[in-house]
Amino acid sequence: MSSSDPAATDGDLADHVAENRRHWDEMAHEWVAMGERAWARAEPSWGIWSVPEAELKLLPADMTGLEAIELGCGTAYVSAWMARRGARVTAIDNSDAQLATARLLADEHGIELTLWHGNAEEVPAPDESFDFAISEYGAAIWCDPEAWLREAHRLLRPGGRLVFLGNHPVVLACAPESGAAVGDRLVRPYFGMHTLDWRDAQVDPGGVNFCLPISGWMALFRQIGFGVDDLREPRAPEEASGVNFFVDAEWARRWPSELVWKVHKI
Ligand SMILES: C[S@@+](CC[C@H](N)C(=O)[O-])C[C@H]1O[C@@H](n2cnc3c(N)ncnc32)[C@H](O)[C@@H]1O
């Protein structure tokens with residue numbers, strides 16, 4: 001029920017792309033159960049706090065006839081949600097091990113997806129191929145912001161929409177280099193935030209992430225040619241408790257841990 005691009009090879013990957021491929025191929029087995037649960041969900045919910053689609057409205061209600069792409073799809077449950085809304089969906093991921101789970105789940109659920117193994121900073125598709133692009137913790141945090149945003153802009157038709165969800169720069173300003181959970185202290189600069197290399201972390205080492213201050217995202221949107229439709233800061237719900245990844249629920253009720261941008265190609 002899914003197809004893959006056999007042409008994608010490791011080639012000359014940039015350092016962060018190679019490290020993130022290694023990291024995700026190694027971790028993919030830990031994401032299977034979560035992928036199974038998300039594929040089974042009738043209604044989408046987003047991010048580490050599972051905030052309902054009804055609240056965030058990341059997807060058009062009816063995607064019939066739309067060409068959609070997910071950039072850094074992991075197990076591709078977001079792609080499944082879009083396909084169920086009527087979109088023709090292509091999804092790209094840097095980790096073949098993650099895509100193996102995506103292929104199994106697509107077959108199990110009888111959903112047709114085009115799955116490509118590759119880097120979301122260089123997608124093998126012609127200009128203006130898509131109406132809608134999305135990333136939930138995929139390219140949104142694992143790709144160089146300028147590279148993947150320029151690529152998303154190239155891929156979208158004029159007026160096409162890009163929606164992405166990832167870490168809020170405030171939570172990363174409070175994230176210790178050790179990889180331990182965030183506290184109520186600023187431990188790294190907010191201004192100038194760009195690359196977060198976790199290879200030397202003591203807790204869950206590995207991977208290279210990216211995040212910009214809000215003004216940095218805004219500057220890139222202006223330079224590249226995106227107009228901003230909305231900025232959302234999903235908050236941990238009352239019922240959430242304990243530490244989720246590196247963020248305590250109580251923390252995430254007081255400060256922003258996640259950020260959603262909704263933009264369109266001008
Ligand atoms: C956390 S998953 C995101 C998918 C899903 N929404 C989720 O939250 O599980 C992160 C995914 O980004 C992928 N990724 C990292 N760097 C990438 C790149 N340069 N191009 C495409 N995918 C990338 C990883 O392989 C991984 O499958």
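Start by selecting strand E6, residues 113–117. Four of its five residues are buried, so E6 is largely enclosed by the rest of the structure. Here, buried means under 20% relative accessible area, exposed means over 50%, and partly exposed lies in between, with a 1.4 Å probe and protein chains only. Strands (E, at least two residues) and helices (H or I, at least four) are DSSP runs, numbered from the N terminus.

A word on what you have open: this is a predicted model, where local features need pLDDT of at least 70 and side-chain atom pairs count only at pLDDT 80 or more, while totals for chains, interfaces and linings use all residues. Residues are numbered from 1 along each chain as its sequence is written, and side-chain values use heavy atoms, leaving out hydrogens and water.

Which residue of E6 is the bridge partner of aspartate 93? Click on histidine 117 to see that partner.

Next, follow the chain from E5 through helix H5 (residues 96–109) to E6. This β-α-β crossover is right-handed: with the strands pointing away from you, the path from the first strand over the helix to the second runs clockwise.

Stay with aspartate 93 and show the ligand. A polar side-chain atom of aspartate 93 lies 2.6 Å from a ligand oxygen atom, a polar contact (a pair of N or O atoms within 3.5 Å). The protein covers 98% of the 580 Å² of accessible area that the ligand has on its own, by the Shrake-Rupley method with a 1.4 Å probe.

For the last stop, select lysine 57, in the loop between helix H3 (53–56) and strand E4 (67–71). Is lysine 57 buried or exposed? At 53% relative accessibility, it counts as exposed. Check its phi too: the value is positive, about 50°, although lysine 57 is not a glycine. Most residues other than glycine have a negative phi.

Notes
A polar contact is a pair of N or O atoms within 3.5 Å; within protein, one must be able to donate a hydrogen and the other to accept it, and residues adjacent in sequence count only if both atoms are side-chain atoms. Two strands pair if DSSP finds at least two bridges between them.
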